[in-house]
Amino acid sequence: PAAASASAALRRRGRMSSREVEARAASSSSSSSSSSSSSSSSVRREGETSTSVTSRRGAGGGGGGGGDGGDTDDEMMFGLPRDVAEPLRTLLASQFILFLGVGALLPALPLYAQSIGLSSSANGLVISAPALAMLLLNLPLGQATDRFGRKPLMIGGMIVMACADVATGMSRSILALVPARVMLGVGRAGCECGDRAYLADLCARVPEKRGIIVASQSTVHAVGLVFGPLLGGRLMEAYGAPAAFFYVAVAAIGTGIGYTFLPETLREETRLAAELKASMDEGDGGLLDTLNPFTSSDNTNTTAVAAGGEGASGDAREDSLWLALLKDADQRVLLLCASANSLGFVAKLTVIPLYASSHLNASPAEVGQLFSITALLGLVTAPFAGLAADKFGKKLVVGAALATAAAGLFFGANADTQSQLMFCIGAWGMGTAAAGPAINALAQELAPEGGEGEALTLPKSAADLVFLIGPLALGVLDDAIGTDNAGMILTSIAAATAAGSCLFLPTEGRKSQS
C-alpha cells in the first residue's frame with residue numbers, strides 16, 4: 001500500500017514518467033518487503049530469547065508462580081511499562097526546570113521593556129516577535145523532526161533559546177530586543193516540535209495510557225507556572241531586570257542537558273516515510289506553498305488518476321477543508337471563542353503587568369505573586385470545568401467561562417487597589433482556565449467526520465495568529481488613547497462578545513459532514 005500511495009502521488013504531481021514511477025514503486029516495495037522480513041526475523045529472535053530467559057527465570061526462581069508476577073512487576077513503573085516510564089520521568093523532570101524559568105519571565109519581560117523606556121506599542125512588538133518565527137518554522141521543523149530525530153531539535157532548540165535569553169538580558173533598545181526575541185521563537189519552534197513528537201512516540205507505545213501521560217506533562221507545566229512568577233519577581237527585585245532572563249538561559253541549558261539522557265524514539269519507518277515525502281516534494285512551490293493552509297498539494301483529483309483519466313491534471317488542487325469550515329456559522333463562533341480566550345493570555349503578558357506596575361505601583365515581586373495566584377486558581381479550576389462540560393454541555397461552560405473572564409478583566413481595569421486587581425484577575429484566570437478545555441472539546445464535537453485532524457488545527461491557528469498581532473494591537477491602543485487600561489477593556493469586550501455568540505451554537509454534539 002505504501003508503494004501504491006507513493007506511485008499515485010508521483011503521478012499526480014507529474015514529476016516522473018510512468019516508467020520512473022514504476023521503478024520507484026518497485027524499489028519502495030522491495031525495500032518495504034526486506035524491511036518487513038528483517039523485522040519479522042528480529043521479532044522471532046527476540047521472542048525466542050524472551051522465552052529462554054523466562055524459562056531460565058522459572059527454573060531458577062524456585063518460588064512457583066510468584067516468580068512470574070515478580071518479573072511482570074519489574075517491567076512496570078508508575079503503572080506504565082518501564083520503556084515508557086523512564087524516558088517520561090526524565091522528560092518531565094527536565095521540562096519542570098524549564099517551566100520554572102518560563103514562569104519567571106511572565107512578569108519580567110513587560111516590566112523590563114518598561115524599565116528601558118519602551119512604549120506599550122513597542123513592548124507589544126517585542127512580545128509578538130517569537131510568534132512570527134514560530135508560525136513560519138513550525139511546519140518545516142515538524143517535518144525535520146521526522147527526518148533527523150526528536151532529540152537533535154529538542155537539544156538544539158534549548159541551546160538557541162538560552163542564547164536568545166542572554167541576548168535579551170543584554171539588550172537596551174528595541175532594535176536589539178526584537179532580533180533576540182525572534183531568535184527565541186526559532187529555538188521554541190525547534191524544541192516544541194521535538195518534544196511534542198517525543199511525547200507522541202511514548203503515547204503510541206501504550207495508547208490506552210495516553211490521557212495519563214499527557215495529563216502528567218500538563219500538570220508539570222502548570223506547577224512550574226505557579227512557582228515561576230514568584231521566583232522571577234524576586235530575582236528582578238534582588239538583582240535587576242536582566243536577572244530573570246539569565247536565569248531562564250541557565251534553565252534552558254539544564255533542560256537541554258536533561259534531554260541528552262533521553263533515548264531517541266524516532267522509528268525507522270517514520271524516518272523513511274518522511275524522506276520519501278521530502279523527495280516527492282522537491283521542485284514544488286517551496287516553503288510558502290507548503291505553509292498555505294487553504295490549498296493542499298495532496299488534495300488532488302486522485303479519482304481521475306486512479307481511473308487512468310487522461311484529463312487529470314497533476315497540479316489540480318481542491319479547496320482546503322478550512323475554507324469549507326469557515327463557511328459554517330458554528331465554526332465561526334468557535335473561532336471567535338478561541339480567539340477571544342487567546343487575547344486574554346496576550347493581555348496577561350502585556351497590558352495587565354503594566355497596569356499593575358504603573359497604575360497601582362506594584363513591585364515586580366507583587367506582579368509575580370499576581371500571576372502565581374492566577375495560575376494556581378486555573379490549575380484548580382480546569383478539572384472541575386472538564387467535569388461540568390461533560391455534565392452540562394460544552395456550550396454552557398464556554399459561555400459562562402468567557403463571561404466570567406470578561407467581567408474579571410473589565411472590573412480589573414477599574415481596580416483601585418492591588419487586592420481588588422488580584423481578585424478580578426483571579427476571576428479572569430479561572431474563566432480562561434475553564435474555557436480552554438471546553439473550547440477544545442467543542443471543536444472536536446463540531447469537526448466533520450473524516451476531517452478531524454485538519455479541522456482541529458483551525459482554532460489553534462486562529463489563537464496563534466492572535467498571539468502574533470494581539471500584543472502590538474493592545475500596546476498601540478494604550479498609547480493611542482493615552483490610558484493604561486484600554487487594552488484590558490478591549491479584551492473584556494472581546495470575551496463578552498464571544499460569550500454571547502455561544503447562544504447560537506447547537507445543543508447537539510458532533511455534527512457529521514458527508
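Which residues does Ile 352 touch, not counting residues up to four places away in sequence? Ile 352 touches Ala 347, Leu 370, Phe 371, Leu 409, Ile 425 and Met 488, where contact means heavy atoms within 4.5 Å. This is a predicted model, in which local features need pLDDT of at least 70, side-chain atom pairs count only at pLDDT 80 or more, and totals for chains, interfaces and linings use all residues. Residues are numbered from 1 along each chain as its sequence is written, and side-chain values use heavy atoms, with hydrogens and water left out.

**Nonpolar cores**
- The largest nonpolar core has 39 residues, of which Ile 352, Leu 421, Ile 425 and Met 488 touch the most other members.
- Helix H4 (residues 82-115) supplies the largest share of this core, seven residues.
- Apart from it lies another core, of 27 residues, including Leu 80, Ala 162, Leu 184 and Leu 202.
- A nonpolar core is a set of buried Ala, Val, Leu, Ile, Met, Phe, Trp, Tyr and Cys residues joined through side-chain atoms within 4.5 Å; buried means under 20% relative accessible area (1.4 Å probe, protein chains only).

**Helix H4**
- Helices are DSSP runs (H or I, at least four residues), numbered from the N terminus.
- H4 bends by about 40° at Leu 105, and Pro 107 follows within four residues; the bend is the angle between axes fitted to the seven residues ending there and the seven starting there.
- Gly 117, whose phi is positive, near 90°, follows H4.

**Cysteines**
- The whole structure contains zero disulfides (pairs of cysteine sulfur atoms within 2.5 Å).
- For Cys 193, the nearest cysteine sulfur is that of Cys 191, 8.6 Å away.
- Cys 193 is buried, with a relative accessible area of 5%.

Key: Buried < 20%, exposed > 50% of the residue type's maximum accessible area, 1.4 Å probe, protein only. Helix = DSSP H or I, 4+ residues; strand = E, 2+ residues; numbered from the N terminus.
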